[in-house]
Each structure stands twice: as structure tokens, then as C-alpha cells.
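Colleague: Could you walk me through this model, step by step?

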Amino acid sequence: MQELKQTQRQTIATPPQMEDPATWTPKRREFLRMLAYGAGSLALAPLFGACGDDASAQASDLRSQLMQDEAFWAQVQAMFVLKPEKVYMNIGTGGSMPQTVLDTFQQENFAKAADSSSGYGNLADLRAAVAPGFGVDRDELAFSANTSSGMCHAILGIKWEPGDVVVTTNHEHGGGLTPLNIAVDRYGIEVSIIQLPVGNRQTAATYVNLFDERIRALKGQGKRVRAMMWSSPTYKTGTMLPIAELMEVVKTHGLISIVDGAHLPGMMAYDYGALGMDFMSGAGHKWQCGPGSTGILVVRNKMRASNPLPLPDWFPIHTSTYARQQPRGAYDIAATITSCGSLHVPMFRALAKACEMWDSIGRKKIETYDLTLSAYLKEKIVERWGTESLYSPKDDPKLVSALTSFNPFRNRDDVMNQQKATMFVNRMLSDFAPGFVIRSANFEVIGAPSDHYGIRISTHLWHDANDIDRLVESMWTLSRSM
């Protein structure tokens, strides 16, 4: 550990230079060669296979398919600088910059300091490079500080009227609820909250019906429903509320759509132009593995077949530039959002480098690997704790994400004990070598006397089947002792 700290001090003190290829490991050289020739972007065959209801058979099949591409993912894992004494499975809170992104960040910071350059502008070149990977144009992809910042941009920029109703859920993050509450107090809007189910006994149709029935009921009361806001996936249980299906509800009722997509960039290979939501706010520092204080905000700025509704009236709330009296769609709205005084350009150049890396590997390849790891984890949990222990759905592919939440306790009611859930998380790190970095998240469960504190695990591209095997065995051992 002392040697590691000394190396870090030397790195910080040394002016950035281009890496010497002679220092690269064989795995790293091979990985970079694959990226250069496009091998990393080859499509990965679907890894989900039906094996009946037997969790052991499901797990075995998923594991064998994960191992088929083991060599490639070992090369990807070699690009990260994560400490070997820990297995980092809390990407839902924070990711890790790969070495190539760290190099870019360091070099750009040094160049900025050497030239004493400003950061004024709207990062048009970076937005143009990143936008295609998300299925939108440059004028629809803005850089924000994080998901919460993007949600403030989206919600507080809408031209609300007193009595407007926003339909949302009881599993939302404070990053979306806070600006929504501000809009309640400032503009007099109303919020209608849907109680969400948990576990595996749900389908995409469940959510379509929940939102559609609530909106129809509100309209029947004479309410003016203006918008739907939801998380995909929810940070509490990892349930992927089905965007495409919910967008049909949005279009049927002529609503504004606001998606808290904190976990989408870097995890899912979504085409946001094809999905058609008005706003999607995501993190740059989580699954996308960029620097902290970076986010990606997608704002619909044109009418497409995916969403032919008129663009909603919206005004920037945090900017240095404003195109007065220009209609929506007639100007680069993402430039207005991104531009706010002097920006920390090296930070966003590093984010763009991370996005470039993801595009080179193949976003669909990463999504498939992440979801297959998650499916394998869920089946291993079902083997030991049973399906009823899951808060995350596993059988409807439209509802799955790379976040898995479950109840690890032998006494099921212990999951309502916050102290015990915290102890479980802490001991997963302290009692095993390597230790596991996971977290708990509290949420309402319909019919429960108090919140459940589910254990939440993130599976990403630096994990493999062996990590999951060790994790599950360790959790099973710990649950017996608690």
C-alpha cells in the first residue's frame, strides 16, 4: 500500500507525457490492437437462453456463455486501475476511469495550465463526437454536471402553469424529486405518485397499465396532466421501467416525458432519438466511467416519427447564452445548456474519451455483457435464497438492468432493519479477501409496515463470472452468521 501511495505521488508530480508502449502489458497491447482494427465492436451473440425454471440450469448456461468471451473481457479489465484487494460492485454510485481516460484528463489539465487557457464555449466538437453513440444530433446532447443537474435543467425549464399535474413514482431519486418539489412551490404544479411493485412478478405491461390508469383517473377528475417523470432503471431496485412502452402512454395522452436515466449512459446501448423522450438525464461518472461532475443530458429538439408531439415550451435556467424569441428546434439548444461561464474543459474531454472507448468496444456488446452478468447473479441468488428474495425482476427482458437488489437475510424481516443492512454491506468489505464494495438502498414495498433496505449490486465490464461466484458464496456465508 505504501508503494502504491508513493507511485501516485510521483505520477501527480510528473508532467504528463504520452505513454511508452514498451510499458504496456501484453493484454493491454492486444486490447488496443483490437480497438484499432475494430474487433472490439464486433457484435456479441445474445447470451440469454431459455433453460426452463431450474435456476441451477439457468446459471450454468449463463456462466458458460460468459466464459466464451472471457479473453476479450480480460483485456478490457486490464484497462482499469482498480485496487485488487477490493471487488468494486457499486458502479451505481460511482464508476472508475480507465487508464486511457486518466491519461487524457491529465494531459488536458497540463495543457490547460501550460497555456493558461479559458473554458468559454459550448464544447460543440465534443458534443458532435459523442452524440451519435446515443442516437441523437449535436444540438440534442448537452453536457451537465451530473444527473441531478440535468434533472434541474429539464424540470425547472418547463413552462408550467398552476394546476399542471406530473405523474411519477415512489421509487424516484432526490435528484428528480427536488426540482419537482421546487416546481410545486414555485409554479403551483401537482404531483401524483404511483406505488411501484417489486420482485419478479411483473411485466412491462404492469407499468403501462399503472401509468395509463392513473392518467385516465386524473383526467376523469378534471385534472390537467402535463408530464410523466420516471427512472429507468430505478436506483432502488434496478427495475428498468420500459421506456419504449411508457413512451406510447406519453404519446397517447400528449404529455412531456422526463426520464431519470442516471444509470443508462455506459450501461445500455439505447438510441434516444428512436425512443423519443423529451428529456433524459444521465451520469457521466457512473457506468460511462468518466470523471466526477459530468453528466449527459439528452433534450429532444426535433420532431421525429418516434415522437411527433410538439416540442414543449422550455427555457434555459443555467447558461451564459440565450437565443431570445427563437422557437424550439430552430437553434442548438444543447449548446445553450452546456455553455455556462468558463467550463472545466479537460473534464469533458476525458468524458468524451470514455465515450469514444465505449463506442470502439461497442455499446451493444457492453450492454449484453453487463446484463448477462446481472442475469447470472440473479440466478445464483435464486439458487440460494429463492426467487422471492429478489426485488429486481429477472424474467421479463424489458425490465432488466445491470443493477440487482435482493434480501440476503435468513430472517426475512431483518431487511427492514437499516442497521443490520448497513452491517451486512460493511462486513462484505471487511470480512473477505478481496472485500466486496456494494451498498443498500431503502424503498417502499406495497403492504410492508416499513421500508425495506435491499442489498444492491452492480455488475459491469470489469467483472466476470468468477467474481459473481465469490460474491454469492461470501454473501451466503455472511447471511448464515447474521
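Predicted model: local features only at pLDDT ≥ 70, side-chain atom pairs only at ≥ 80, totals over all residues.

Modeller: Residues are numbered from 1 along each chain as its sequence is written, and side-chain values use heavy atoms, with hydrogens and water left out.

Colleague: How many helices and strands does the protein have?

Modeller: Helices (H or I, at least four residues) and strands (E, at least two) are DSSP runs, numbered from the N terminus. Counted this way, the protein has 16 helices and 12 strands.

Colleague: What percentage of the residues of the protein count as buried?

Modeller: Buried means under 20% relative accessible area, exposed over 50%, and partly exposed in between (1.4 Å probe, protein chains only). The protein has 482 residues, and the buried share is 54%.

Colleague: What span does helix α5 reach from its first C-alpha to its last?

Modeller: Helix α5 covers residues 99-115, which is 17 residues. The expected span is 1.5 Å times one less than the number of residues. For α5 that expected value is 24 Å, and the span is close to it, at 24 Å.

Colleague: Which residues of α5 are buried?

Modeller: An α-helix has 3.6 residues a turn, so residues three or four places apart point the same way. In α5, the buried residues are T100, V101, D103, T104 and F105.

Colleague: Which residue takes a positive phi just after α5?

Modeller: The phi there is about 50 degrees. The residue is S116.

Colleague: Are α9 and α10 roughly parallel or roughly antiparallel?

Modeller: Axes are lines fitted to C-alpha atoms, for helices over the stretch in contact, and angles run from 0 to 180 degrees between N-to-C directions. Angles under 35 degrees count as roughly parallel, over 145 as roughly antiparallel, 65 to 115 as roughly perpendicular and the rest as oblique. Helix α9 (residues 204-220) and helix α10 (residues 243-253) pack at about 20 degrees, with axes 9 Å apart. That makes the pair roughly parallel.

Colleague: What orientation do α15 and α16 have to each other?

Modeller: The axes of helix α15 (residues 418-430) and helix α16 (residues 465-481) come within 11 Å. They cross at roughly 125 degrees. The two helices are therefore oblique.

Colleague: Which residues of α15 make the contact with α16?

Modeller: Contact means heavy atoms within 4.5 Å. On the α16 side are L471, S474, M475, L478, S479 and S481. On the α15 side are F424, R427 and M428.
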